[in-house]
Amino acid sequence: MAKQKALEAYEGYWRVSTAAEKAPQSKDWRSALGEYLVDPELTRHLAEIQNLASVPSHMEGDYRRAPAVTAVSLDECDPRIKITDCLDRTGLHLISDKPGEQGRVLDNPDQPRRYEFRAEIVRYASLNDRWLVQVVDAALDKPC
């Protein structure tokens, strides 16, 4: 049951964060992201979305992923589940929205396109036992 709840939170995180990356200027994403994220990841991710909006730019395409639960710790103080994923960004591109440059691809050629991605999902008793993504780590130096 705990694994399923953690995976549901992780999938919700991807659903909302992908929508935010595709339309960073369309709305304030704080409440939507807050359904699946807590600090420090919530603040970090909001800054990333605000950066996309300020460039201005957005993401097009989709990630391919393969998440798997890799650790479970259900002790009373800090129930936590770790997920390791393989992110494949080959179908995802950063696109300019700047007047005169709209549609231009801004991909960084030095950024890896496939790498390991790790997340920690924590159960919060104070929030009706909801599982929320607390930490993510893109291991750009670990291809998968």
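**Entry 1: the pocket**

I began with the lining of the largest pocket, where α1 (2-22), α3 (41-54), β1 (57-61), β5 (114-124) and β6 each supply at least two residues. The model is a predicted one, and I read every entry with that in mind. Which element gives the largest share of this lining? I found α3, with 5 residues.

I then looked up the volume of the largest pocket, which is about 480 Å³. I listed 27 residues in its lining. Nearest the centre lie E21, E48, Y63, R89 and Q111. I sorted the lining by residue class and got 14 nonpolar, 6 polar and 7 charged. I marked E48 for a second look, as one of the residues nearest the pocket centre.

**Entry 2: the disulfide**

How many disulfides does a search of the whole structure find? I noted 1. The disulfide joins C86 to C144, with an S to S distance of 2.0 Å. The pair links distant parts of the chain, 58 residues apart. I placed C86 in strand β3 (residues 80-88) and C144 in the segment after β6 (130-139).

I checked the handedness next. The link of C86 and C144 is right-handed, with 90 degrees about the S-S bond.

Is C86 buried or exposed? I read 16% relative accessibility for C86, so it counts as buried. C144 is partly exposed, at a relative accessible area of 35%. I also looked up C77, which is exposed with a relative accessible area of 79%.

**Entry 3: salt bridges**

The count of salt bridges comes to 13.

I took R65 and E11 to start. Their side chains meet in a salt bridge at 2.5 Å, N to O. R65 sits in the loop between β1 and β2 (68-73), and E11 in helix α1. The two are 54 residues apart, so I logged the pair as one that links distant parts of the chain. R65 counts as partly exposed at 26% relative accessibility. E11 also counts as partly exposed, at 30%.

R44 and E48 came next. Their side chains meet in a salt bridge at 2.7 Å, N to O. Where do R44 and E48 lie? I found both in helix α3, 4 residues apart, about one turn of the helix. R44 is partly exposed, with a relative accessible area of 38%. E48 is partly exposed as well, at 29%. This E48 is one of the residues that lie nearest the centre of the largest pocket.

R114 lies in strand β5 and D88 in strand β3, so the pair ties together parts that are 26 residues apart in sequence. I compared the accessibility of the two partners. R114 counts as partly exposed at 37%, whereas D88 counts as buried at 4%.

**Entry 4: cis peptide bonds**

The bond from D39 to P40 is cis, with omega near 10 degrees. I placed P40 in the loop between α2 (30-34) and α3.

The bond from V55 to P56 is also cis, and its omega is near -15 degrees. Where is P56 found? I found P56 in the loop between α3 and β1.

**Entry 5: positive phi**

I looked for positive phi outside glycine. N128 has a positive phi of about 60 degrees although it is not a glycine. N128 lies in the loop between β5 and β6. At 72% relative accessibility, I put N128 down as exposed.

D129 is another entry of this kind, a residue other than glycine with phi near 60 degrees. I located D129 in the loop between β5 and β6. Is D129 buried or partly exposed? I noted a relative accessible area of 42%, and D129 is partly exposed.

Note on methods: Residues numbered from 1 in each chain as written. Predicted model: local features only at pLDDT ≥ 70, side-chain atom pairs only at ≥ 80, totals over all residues. Heavy atoms only, no water. Disulfide = S-S within 2.5 Å. Buried < 20%, exposed > 50% of the residue type's maximum accessible area, 1.4 Å probe, protein only. 1 Å grid on protein atoms, 1.4 Å probe; cavity = no way out; pocket = protein on both sides within 12 Å on 5 of 7 lines; lining within 4 Å. Points joined across faces, edges and corners; volume = space filled by probe spheres on them. Nonpolar A, V, L, I, M, F, W, Y, C, P; charged D, E, K, R; others polar. Salt bridge = Lys/Arg side-chain N within 4 Å of Asp/Glu carboxyl O.
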